[in-house]
Amino acid sequence: MRKQFLTPGPAELYFTVADHMKQAIKDQIPSISHRSRAFEEIFASTQSQLRKLLELPESTRIYFTASATEVWERITQELILKHSHHYVMGAFGQKFHEAAGQWNRTATAVYENFENTHVPPEADLIAITQNETSTGMCFPIEQLEALRAKTGAIIALDGVSALPGIPLPWHLVDTAYFSVQKAFGLPAGLGAWLLNERALERALIRSNPTLHSHYHDVASLEKFWQKNQTPETPNVLAIYLLGKVAEDLNRRGARIVQSETTFKSTLIYDVLDRHQFLRPAVSSSAYRSKTTIVVQSDMHSQAIRSEFAAKGLIVGSGYGARKTDQIRIANFPAHAKELFYQVGDLLENFN
Ligand SMILES: *Cc1c(COP(=O)(O)O)cnc(C)c1O
């Protein structure tokens, strides 16, 4: 039986990926030089499709990295001067907080309290997770607006598992990043790191120039970006596929993809709100993620996952310590509305 992956990453591939991969092999894309004209065209095309999809100005830098995990380290080295302040709603926000500490930045954190907009005055960067994939919490846009109004610190947004199903509030942040194996519906192995001009400037004028000479420092990413290239031999196939899927999503229209995300999440939360014994793990509806729906399923978790699996539907377990008492259902652009009607029915009728 063909499975459908409702896991929050790696996740179901976007339905056009298989055809794009076949075409890429036919066109011998994995064999072309990353210094060739052909590669530069792929690079430029992926940049422009992403810019359209995420509504980014021309000047936005999109650098390619190995993963979002890599970007935590790059942001720490390149953008945090001394002190970062992290809004931590789960394991991924926590990992960034720890990464900053490991690179000798002083780093403070607020745990699961978005309303606390008190930012330490010494903070020069604020780290926010748009959608915390481990707990199913999202960062409310109003809080982001409040923070933006209150501080001059650079704001960094982790968009993994949110983008492109949720709009990117680019005017409220300076840098953002994602890896492709979650909401973009692509094979793992590529990250994208976005910087506005303010973030770029800070990275380029960092006072200690010796800090710049490391793998993927902004000075070298920028030098090659100017030529539609990357410093190292990149994952050319992944950059190509990202551009193609972004193009397909643009054809559907970002706004439509995003309103379908809202529609599908409402469908499931409505079922959970009325359910006899299942409920959303996040009690406040303002903090509930649209793209990673976490169900408090207690001792029913395994039974639910098995029942779904019997229909070929693979849902995620809870994350970390919540492995056995929660399940996670991804709601990404690769997941059709019809699939969500089925998921809603299965949850509703589970007893
Ligand atoms: C998965 C995830 C990451 C890490 O992504 P990698 O591709 O494993 O580096 C970071 N942040 C969030 C919110 C995630 O869901």
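**Exercise 1: A helix and its surroundings**

Just after helix H10, Gly312 takes a positive phi of about 80 degrees. The model is a predicted one.

Task: Determine which residues of H10 are buried, which are exposed, and what the buried ones pack against.

Solution. 
- Step 1. H10 spans residues 301–310, and its buried residues include Ser301, Ile304 and Phe308.
- Step 2. These residues lie on the same side of H10, because they cover an arc of only 70 degrees around the axis.
- Step 3. Gln302 and Ala310 are exposed on the other side of H10.
- Step 4. The packing partners of the buried residues are strand S13 (313–317), strand S14 (326–330) and helix H11 (337–349).

**Exercise 2: The ligand site**

Task: Describe the shell of residues that surround the ligand, and list polar side-chain atoms that lie close to ligand oxygen atoms, with distances.

Solution. 
- Step 1. The ligand is surrounded by 13 residues, of which Thr69, Thr133, Asp158, Ser179 and Lys182 are the closest.
- Step 2. Sorted by type, the shell has 7 polar, 4 nonpolar and 2 charged residues.
- Step 3. Helix H3 (residues 68–78) supplies the largest share of the shell, 3 residues.
- Step 4. An N or O atom in the side chain of Thr133 is 2.4 Å from an oxygen atom of the ligand. For Thr69, the distance from a polar side-chain atom to a ligand oxygen atom is 2.6 Å. For Gln181, the corresponding distance is 2.9 Å.
- Step 5. The ligand taken alone exposes 390 Å², and the protein buries 88% of that.

**Exercise 3: An arginine in a loop**

Task: Locate Arg288, decide whether Arg288 is buried or exposed, and identify polar partners of its side chain.

Solution. 
- Step 1. Arg288 sits in the loop between strand S11 (279–280) and strand S12 (292–296).
- Step 2. The relative accessibility of Arg288 is 13%. The cut-off for buried is under 20%, so Arg288 counts as buried.
- Step 3. The side chains of Arg288 and Asp273 are joined by a polar contact of 3.4 Å.
- Step 4. A polar atom of the Arg288 side chain also lies 3.1 Å from the backbone oxygen of Ser283.
- Step 5. Leaving aside residues up to four places away in sequence, Arg288 touches Gly136, Cys138, Tyr269, Asp273, Pro280, Val282 and Ser283.

Methods
Residues numbered from 1 in each chain as written. Heavy atoms only, no water. Buried < 20%, exposed > 50% of the residue type's maximum accessible area, 1.4 Å probe, protein only. Helix = DSSP H or I, 4+ residues; strand = E, 2+ residues; numbered from the N terminus. Arc of directions from axis to C-beta. Contact = heavy atoms within 4.5 Å. Near = heavy atom within 4 Å. Polar contact = N/O pair within 3.5 Å; in protein donor to acceptor, adjacent residues only side chain to side chain. Areas by Shrake-Rupley, 256 points an atom, 1.4 Å probe, with all protein chains shown as cover. Nonpolar A, V, L, I, M, F, W, Y, C, P; charged D, E, K, R; others polar.
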